[in-house]
Amino acid sequence: MITASIIGLAALLLVVLGIALVLQPRGASTLDFYLAGRRVGVVTNACAICGDYFSAASFLGVAAAVYVSGLDGVWYATGFAAGFIPVLLFVAAPLRRFGEFSIPDFLGRRLTSDRVRLTAVCVVQLIILSYLVPQAVGSGITWELLVGHGMAGLSPYATGVAVSTAAITALVALGGMRGTTWTQAVQFLVLLCAFIWLTVAAIGSGFHYPEAVDRLNEQPLTNPTATEEGQWHLETERDRIDGEDPATFGEPGARYGSLGQFALIITLIMGTAGLPHIMNRYFTSPTGLAARMTTVWVLGLASLFYALAVLLGTAARSLIPDAAAEHAWMEELTVGGVLKVPEHALLVLGRVYGGEIGLGFIASGALIAVMSTIAGLLLASAASWGHDVYERHINPHASQRQAVWAGRGAVVLVAVLSAAVAVGLRPDSLTALLPSIVATMVTWAFALAGSALTPVFILTIWWRRTTAPAAIAGMITGAVTAITMFALGTVYGDAGLSEMLLTPTIVAAPLSAVVTVVVSRFTTTPAELDRLWLKLHGTAADRHTLRLARLTITGVTGRSKEEP
Amino acid sequence: MSGVNRAPAARRAGGALRNGSLPLAAALALAWGLVYLITQVIAAPPLGVGTTLLIGVGLTLLLTIGYPSALRGPRGARLATRQQGKQGAITRPGQTIAAVGRSIPLRSGLTSEAAQRTAQLLHPLLGGDSVAITDRHKVLAFLGPGSDHHTVGDPPRTDISAKVLDRAKTVVVRHRAKLGCPEPSCPLQTAVVAPLAIGKRVVGALKVYRLDETPPPRGLVEGMAGILSLHLELAELDRERKLAVDAKLDALRAQINPHFLFNTLNTIASKARTDPEEARQLLLRLSDFFRYAVRQDGHFAEFGQEYFFVRTYLSLEQARYGDRLRVRYDVDPQVLTTNVPVLTIQPLVENAVKHGLANKVDGGTVTLKARVDPLTRTTTIQVSDDGVGIEDDELEKIVSGDVTAEGGIGLRNISERLDTLFGERYRFDVRSTAGQGTVVDLRIPLG
Amino acid sequence: MVPAVPPSDAGSPPPEDRDPAGFELTDEYDMPAEVDATFRTLRRAAFGYFALFVVVVAAVPGLTLALDWWSQGRLVGGMSPSFVMAAFGLYVFFFVLAVAAATLANAVEDRMLGGPERDHPEQRGDAP
């Protein structure tokens, strides 16, 4: 359909990969590693974490959630950014210092128990799967808008899901996309550039943020709904806090009742610390201290990113009605000046401001977000199958080659599974039930991570008495509670008390923590706790690393660091 | 020396160092209650939320900022404290007394620079045309007509100076001839010369000259000379005290217990075969220990550094005592950057190990707890052990320094240094129950 | 693809990897009691910050239920206080909190573990 945008997209992807490959520090010797690992490294690593973290949910989903439900959608942005505060306070430095390669490995070593490791692997795989699905959905939506027609008899949406999943799986499995720090960092910068460009363009065209919010508040918030005959019409959102009044953009209540607001925020806050692909990144920091400072940077960058996302969602809500009147191509996407699929918000803005090229730019941003996150997730999944399960339990004498093949098999399996689930969930059919479906679906992964992993994670790091059986009980309790509540939630809808069911962390996490503490009281802690503790909270290894780095630098440059 | 040794400092009540968090919380709750009552209940149309919050927050700020000041006594004392903080601690006691006439810049003694500034300060007050200050050998300052040949740094040119310095009595000169200035063109006609003395020792003279026949008012000059003498005496006292504290600190460094050294070296030697790596680390720690003890040249150090010293010491003792010595630190992050008197905590810990745990068969725990109370601006350091405890009369001996001969570092040394550093503004408690352990509690102003 | 390693650049040397030739480099070590003390101090600070964080974050939707002014009032240009907080204020708060917490934690670790490295100041802490 739109040749220019596809060419633009392909060109941009090539350029990004090219830059990444050309500029990538070569011959990563120990010296390079340490030199980079001090100041540059912290920022680069922070960008890479952002690249992993900002998925389709952040790039398209947050703006879509704001577009659809105003202030209630802003909580997504807040929650995604706030999630790094617990990571910073509780997890980053000790996790790096303990020095294992994955979350299951960390828990298994800390509690000296293989059962804990296996339980954690299961939980991690569940989380990865529930995170992969919305990414696939996001790429399907993008394909639908960008290309518009399917291949091999599939619908455009299913084609998008299949193509993106296949491409990334191939890249990851063949080792071409090893998710190096550098590529991830460049990908994040592209995303940020896309947001900054859209913001500048919107403000340049006369968008005034506070006034726009004020104007949007004057009329009730309306969203399109499809009737059974496929007819679309606008429906006013009901304020779920004040009862029957219509909801407005700038006030809470369009999406969540008073309890739901808290439940959503807690779910997102607790979730990040349990996301395997993010936590795996922390092991690339040279020291625990660097891991901590990396988190501070991530938080700053994420704050900037999400503040822009909220702004763009507002801009879309306030600008698209006028734009719809001007541009004929928008007719089939909107109903009375409101988008049918809110995830299209940024893409439409891109096309309004940048024409076909602009659309291509934003679309490639979305695909990059999806790809980098999927790559990170698949790698985390592969690492946990290949390293934690295959090498340790199934075939302890596995050669490196066998382990690699086990990992590849896992990647393909997990990817196919997620694509199948994504195709099964037609977003058009779900938008009525769950507006801003991508952001909503990501909260499932956050809910699972925050309920099952984060409480156990924090307790094992900050409470000496935590025991292996307790951790298993805690993880299972958290996961089962979260999944059960979620299942109940889909049955009972999301009104009143049961709106909490869809974001279950507020109940499941405390429950998991209590179970862990109680079971710990009746079981015994691992032997050699002191030794584990030294590794987890001591800084001797950090100091040793720093000193080595300093000596290396002094030795190579022939002078001490103090002389500039 | 030092006539300021107070009785050994067991159980000294520190009036100004109360814990003030609870009363403040109560006051805040009361204030908010009142604000609510007045703005929301009594006022006919209740005030807007913003205004109410503003009033409440304002009151809260006022209380929180004002409250610690109220706790710390009248304004004058606080000013003095602030100044001491700036100058570094050692001149404190002299300063508090000298606050009477604090503008006299003689606190560092009779130096040329101080004399110059004093002369400038006094010149308009003394009713003379020229003012000079000398010490026993030379003119330190000369201000006014005649300064061309009565130059600073020369020996006093007038005979009269020698007379005053010898007899320690004020002399009034009414004729130019008696002034005895060898310079014929000297414009000075009359003078009053008063001695400056520290105790009975004359250290200099204050001279006031006039160009006419009437001598300057004798009473005024004599009185001012008296005040200056008092300042000089205080300065001297300060200096002696500083010397005394230095001496005590030196004594403390010299006293690093030889038994400790030998025991540690023995431990290291015995580990050298079984665990060379640990032996090497112990040796490193031992050198850290001595380096720290020797290198401290100020009277204050950051708590973090003192804590390092304590950790070094205890890790060496732990190597010796093994599982019998357990250690628990409980340190507030805010304490780490505060200044504490140097080499004070480690002796307390050493006492706890030596007197508390060394004689206990199954060992015990030494606890170091450090807190900051920002409200009263106090640093609290507590060293406790669950060892054998000390009998009352024994405790008396230890705090009075009688048992230092056995090798322990007497609490007396510490309490004397604290006396000099803080005057009355600290608190040093030793509580002990035989069989249950000893608690040493030290509270000093936040610095 | 190597599933056994994390998605990383050249791996950091594992901390326990000691070079037998560079034996004198390994004299950094911690005592259990010191680590325990640091751990407890950090835990106190972390949970303090976390409590503050939760209170502030929950206050934004919480005040909506308690104060009409919070969602009805208009600040600069027409945003309600709660929208301003959600759109900008909280991010600023997060960042300030993060910097404060990280600085404190670094300072605590620096002073409570290891020796004072007077010869090499400024080597620690990569403040942003």
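My entries on the cavities follow.

**Entry 1, ground rules.** I am working with a predicted model, in which local features need pLDDT of at least 70, side-chain atom pairs count only at pLDDT 80 or more, and totals for chains, interfaces and linings use all residues. Residues are numbered from 1 along each chain as its sequence is written, chains are lettered from A in the order in which they are written, and side-chain values use heavy atoms, without hydrogens and water.

I searched the whole structure and noted 11 cavities of 30 Å³ or more (a cavity is a set of points on a 1 Å grid over the protein atoms alone where a 1.4 Å probe fits but cannot get out, and lining residues have an atom within 4 Å of a point; a volume is the space filled by probe spheres set on the points, which are joined across faces, edges and corners).

The lining has 18 residues, and L88(A), L89(A), R292(A), L42(C) and A105(C) are the closest to the centre. At least two lining residues come from each of α6 (84-98) and α21 (529-537) of chain A, and α1 (32-66) and α3 (81-112) of chain C (helices are DSSP runs of H or I with at least four residues, strands are runs of E with at least two, and both are numbered from the N terminus). I sorted the lining into 14 nonpolar residues, one polar and three charged (Ala, Val, Leu, Ile, Met, Phe, Trp, Tyr, Cys and Pro count as nonpolar, Asp, Glu, Lys and Arg as charged, and the others, Gly among them, as polar).

Note on methods
1 Å grid on protein atoms, 1.4 Å probe; cavity = no way out; pocket = protein on both sides within 12 Å on 5 of 7 lines; lining within 4 Å.
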